[in-house]
Amino acid sequence: MPGGVVIVGSGQAGYQTAASLRAAGYAEPITLVGEEPHVPYQRPPLSKGFALGKQDRESLEFRPANFYRDHSIDLLAGEKGVTIDRAARNVLLASGRQLSYGSLVLALGARNRLLPIPGATLDGVLYLRSLDEAAAFNERLQHAQNVVVVGGGFIGLELAAVAGTLGKSVTVLEALPRLMSRVVAPSISEFFRELHAGHGVKIVCGCSVVEIAGVNGKAREVKLADGTAYPADLVIVGIGVVPNVELARNAALPVANGIAVDEFLRTADENIYAIGDCAEHPCHFTRARVRLESVQNAADEAQHVAATIAGHPGRYEALPWFWTDQFDTKLQIAGISQGHDHAEIRGNAATGKFSVFYYREGRLIAVDSVNRPMDHMLSRKLISASATLAPEQAADESFDLRQFAAKLPRH
Amino acid sequence: MPKVIYVSAEGEKKEVETPVGTTVMSAALKNGIDGIVAECGGVCMCSTCHVFVDEKFFDKLPPASDTEEAVLEISAEERQPTSRLSCQIKMTDDLDGLIVRLPAKQR
């Protein structure tokens with residue numbers, strides 16, 4: 001049987017798998033296959049520092065091109081996996097090349113969910129996930145006057161903040177009743193609505209976008225079901241993603257809301273793992289199956305699979321965390337708050353610095369922190385250690401969280 | 001160009017010429033210093049670019065922000081009095097010869 005690792009997908013998860021395998025002393029061949037014609041790069045800055053012009057392309061690269069050569073990682077940029085032959089243990093690429101594997105890691109990522117309305121393909125309607133899309137957005141933004149953002153999630157709001165900072169007239173259209181409603185408490189949504197409004201960004205929640213109207217093939221306005229129309233020479237759509245599961249599904253691997261893996265991040269085929277945005281794993285904390293789209297999830301799952309392949313298997317139990325930067329405000333999230341039955345606020349939203357502690361059946365499950373980085377970092381320790389922090393203690397600012405966390409066993 | 005001297009946990013030294021304004025983290029990534037991971041890309045969300053700054057240089061650095069202080073709370077190898085995140089140290093001429101020691105583990 002062949003040895004070596006083939007990694008399909010060269011985003012954060014794919015890159016990190018390759019790097020961690022070599023760091024762990026793995027000596028067999030490693031092939032890293034990526035669809036984009038770039039050296040693997042970080043995505044988070046695309047909607048933050050890169051969009052603001054504070055970061056250049058080179059600064060996005062995880063490592064320079066010579067890193068892959070120096071570590072004998074065969075980077076195939078601009079290549080795509082087409083089919084997996086599980087019996088023969090090889091992957092066929094779009095170019096016709098076949099790669100044999102001992103272990104196969106699917107780090108396929110996700111793609112933008114497309115807006116299913118008339119006018120969505122007009123010139124001036126953009127999505128943002130890849131470096132090329134981000135570069136196109138930056139170029140367009142320079143010349144735009146009226147920017148309409150469809151979707152009030154992380155990406156949409158980050159881009160709204162960028163456009164607002166650059167002095168554009170910005171409107172955010174969100175279908176649900178409040179911003180980032182999938183992930184944060186109402187108090188956080190409200191804080192961010194006010195933050196954006198304070199910077200002149202118009203936020204419209206609970207609306208239904210029905211059409212993008214254009215002139216000569218170019219977007220001109222975005223229309224709502226109630227007849228309201230917003231002028232737009234740039235429309236940016238951030239309404240979520242669809243996981244790339246087709247390669248796995250076509251190989252008869254089970255797929256749910258992502259490629260299904262077990263607590264070792266293995267698919268139904270013991271030689272095939274799936275990690276990052278494309279995979280659904282049993283979450284140690286929520287005790288539910290989850291598919292997460294985050295740097296933490298990609299990097300931690302990658303390191304976990306690399307350790308497994310290098311001979312140190314274990315259950316995946318890393319705590320999920322997330323962040324978003326909008327204007328001068330940082331929101332940091334530890335844990336997953338979905339399913340909470342109680343919330344406590346520490347600090348005061350009026351000061352621009354507060355945290356929401358979420359409980360389920362008396363157990364601390366997640367903490368959202370706005371401009372309170374110490375709360376966030378300590379919360380990661382508390383939740384990871386299943387610490388018993390009473391809701392009254394969480395709400396009491398005179399209760400010293402740092403001292404409390406210091407008594408916990410180190411992770 | 002000012003130099004940074006990275007000392008691995010095993011004691012191996014590597015000198016890297018680092019342009020003024022570049023962070024000690026990003027110079028490490030560009031120059032094959034494997035002991036710095038920098039998982040979050042330099043935004044103070046992870047502690048995987050943790051370094052121990054040589055005492056001679058520690059006081060020359062601008063103090064750590066609250067955000068950096070918070071992250072040092074979760075470093076994989078316990079923080080020491082001269083612990084910093086290398087993503088927050090920007091090179092200056094004054095820091096020429098800066099010595100940073102890398103922890104044995106970043107995660």
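**Sheet, helix crossing and chain contact**

Author: Strands S4, S5 and S6 of chain A form an open sheet of 3 strands, in the order S4-S5-S6, with antiparallel pairing. This is a predicted model: local features need pLDDT of at least 70, side-chain atom pairs count only at pLDDT 80 or more, and totals for chains, interfaces and linings use all residues. Residues are numbered from 1 along each chain as its sequence is written, while chains are lettered from A and ligands numbered from 1 in the order in which they are written.

Reader: Why do S4 and S6 of chain A stand at the edges?

Author: Strand S4 (81-85) and strand S6 (98-100) of chain A each have a single partner strand, so one side of each lacks a neighbour in the sheet. From one strand to the next, the twist averages 25 degrees.

Reader: How do you know that S5 is joined to S6 in chain A?

Author: Strands pair if DSSP finds at least two bridges between them. S5 (residues 90-93) and S6 of chain A have 3 bridges, so they meet that rule.

Reader: What makes H1(A) and H7(A) a crossing, and of which hand?

Author: The axes of helix H1 (residues 12-23) and helix H7 (residues 295-309) of chain A come within 8 Å and cross at roughly 35 degrees. The axes are lines fitted to C-alpha atoms over the stretch in contact, with angles from 0 to 180 degrees between N-to-C directions. The crossing is right-handed, which means the near helix is turned clockwise from the far one by less than a right angle.

Reader: Which residues of H1(A) meet H7(A)?

Author: Among them are A:Gln12, A:Ala13 and A:Leu21 in H1(A), with A:Val295 and A:Ile309 among those in H7(A). Contact means C-beta atoms, placed from the backbone, within 7 Å. By class, this contact has 9 nonpolar, 5 polar and 1 charged residues.

Reader: What does each chain give to the contact between chain A and chain B?

Author: Chain A gives 20 residues and chain B gives 17 residues. H8(A) gives the most on the side of chain A, with 7 residues. That side divides into 12 nonpolar, 4 polar and 4 charged residues.

Methods:
Helix = DSSP H or I, 4+ residues; strand = E, 2+ residues; numbered from the N terminus. Contact = placed C-beta atoms within 7 Å. Nonpolar A, V, L, I, M, F, W, Y, C, P; charged D, E, K, R; others polar.
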